[in-house]
Amino acid sequence: MIGLRTLSCRLASAKWLLPQVCPCFVRMSTEVPQNSNTTAAPPPSQKDLDDLLSVNKQLAHDREEFEDKYKRALAEAENVRKRMLRQIDEAKLFGIQSFCKDLLEVADILEKATESAPESQLEEGVNPHFRQLFEGLRMTDAQLMKVFGKHNLHKIAPEIGEIFDPNIHEAMFTIPLNGESKPNTVAVVQKVGYRLHDRTLRPAYVGVFAK
């Protein structure tokens with residue numbers, strides 16, 4: 001068998017001998033083949049450049065249009081969100097509006113009852129039963145007003161001579177001017193009004209001085 005040392009010597013001799021016998025092998029292994037048919041690409045024409053510029057301009061316009069629509073959509077979504085929050089807040093504040101309107105009639109009856117009580121019957125020792133009944137009505141009216149205030153339901157009780165405000169007053173009739181009275185001022189309060197928070201639930205029914 002051929003030893004490893006002998007085999008190595010023979011391989012080294014073959015590497016040295018091959019270039020001597022076949023020089024073309026060296027040229028073929030080192031030369032890079034060239035394609036004679038390869039030609040340089042022609043420069044783009046003016047028409048091609050114009051087409052590219054036109055496409056680029058159109059893309060820029062589309063991008064601006066899409067960006068504008070996106071911003072408008074965001075703004076609209078924000079407006080919808082704020083409107084929904086405002087409606088939720090109003091529902092919380094004015095959800096008891098119908099119930100309050102029904103209670104106003106009860107408040108009117110209690111007020112009329114306490115105002116119409118004859119003072120002669122309220123004197124000490126004259127009519128104790130009537131006096132106790134009157135005190136009960138007055139306490140009930142006071143408690144009802146306390147409950148109204150707890151829920152931000154307040155009276156609209158204009159003073160005589162106060163300037164007429166159509167937002168909180170409703171003119172039921174007019175009265176001719178007399179003495180120092182001024183036109184467009186409250187002359188008579190027929191029924192007090194009420195407001196729930198900042199919303200007029202029922203205007204005060206008044207008579208107004210007019211020329």
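Colleague: How many aromatic pairs does the count come to by the rule you apply?

Modeller: This is a predicted model, and by that rule the count comes to 1 aromatic pair. The partners are phenylalanine 148 and tyrosine 194, whose ring centres lie 5.9 Å from one another.

Colleague: Why is the pair of phenylalanine 148 and tyrosine 194 called edge-to-face?

Modeller: Rings pair if their centres lie within 6.5 Å, and planes over 60 degrees apart count as edge-to-face. The centre-to-centre value for phenylalanine 148 and tyrosine 194 is 5.9 Å and their planes stand at 85°, so under those cut-offs the two rings form a pair and that pair is edge-to-face.

Colleague: What makes this pair a tie between parts that are apart in sequence?

Modeller: Phenylalanine 148 belongs to helix H5 (residues 128-150), whereas tyrosine 194 belongs to strand S4 (residues 193-196), so the pair ties together parts that are 46 residues apart in sequence.

Colleague: How do you know whether phenylalanine 148 and tyrosine 194 are buried or exposed?

Modeller: Buried means under 20% relative accessible area. Phenylalanine 148 has 3% and is therefore buried, and tyrosine 194, at 1%, counts as buried by that cut-off.

Colleague: Which values describe the packing of H4 and H5?

Modeller: Two packed helices are described by the angle between their axes and the distance between the axes. For helix H4 (residues 97-115) and H5 the angle is about 145° and the axes are 10 Å apart, and H4 passes H5 in a left-handed crossing. The contact involves, among others, Leu103, Ala107 and Leu110 of H4, together with Leu137, Leu144 and Phe148 of H5.

Colleague: What is the make-up of that contact by class?

Modeller: The contact of H4 with H5 has 11 nonpolar, 2 polar and 3 charged residues.

Colleague: What makes glutamate 159 count as buried or exposed?

Modeller: Exposed means over 50% relative accessible area, and glutamate 159, at 56%, therefore counts as exposed. Glutamate 159 sits in the loop between strand S1 (153-156) and strand S2 (169-176), and its C-alpha atom is separated by 8.6 Å from that of alanine 187, 28 residues apart along the chain.

Colleague: Why is isoleucine 96 called partly exposed?

Modeller: The class covers values between the 20% and 50% cut-offs, and isoleucine 96, with a relative accessible area of 33%, falls there, so it is called partly exposed. Isoleucine 96 lies in the loop between helix H3 (46-94) and H4, and it touches His151 and Leu196, not counting residues up to four places away in sequence. From isoleucine 96 to histidine 151 the separation is 55 residues in sequence and 9.0 Å in space, C-alpha to C-alpha.

Colleague: What does the UniProt annotation "coiled-coil region" cover?

Modeller: The unreviewed UniProt entry places that annotation on residues 49-87. In the model this span is 100% helix and 0% strand, with its end C-alpha atoms 57 Å apart.

Notes. Residues are numbered from 1 along each chain as its sequence is written. This is a predicted model: local features need pLDDT of at least 70, side-chain atom pairs count only at pLDDT 80 or more; totals for chains, interfaces and linings use all residues. Side-chain values use heavy atoms; hydrogens and water are left out. Rings of Phe, Tyr and Trp (its six-membered ring) pair if their centres lie within 6.5 Å; planes under 30 degrees apart count as stacked, over 60 as edge-to-face and the rest as tilted. Helices (H or I, at least four residues) and strands (E, at least two) are DSSP runs, numbered from the N terminus. Buried means under 20% relative accessible area, exposed over 50%, partly exposed in between (1.4 Å probe, protein chains only). Axes are lines fitted to C-alpha atoms, for helices over the stretch in contact, and angles run from 0 to 180 degrees between N-to-C directions. A crossing is left-handed if the near helix is turned anticlockwise from the far one by less than a right angle, and right-handed if clockwise. Contact means heavy atoms within 4.5 Å. Ala, Val, Leu, Ile, Met, Phe, Trp, Tyr, Cys and Pro count as nonpolar, Asp, Glu, Lys and Arg as charged, and the others, Gly among them, as polar. UniProt positions are given in the numbering used here, feature names are shortened, and annotations may be inferred rather than shown by experiment.
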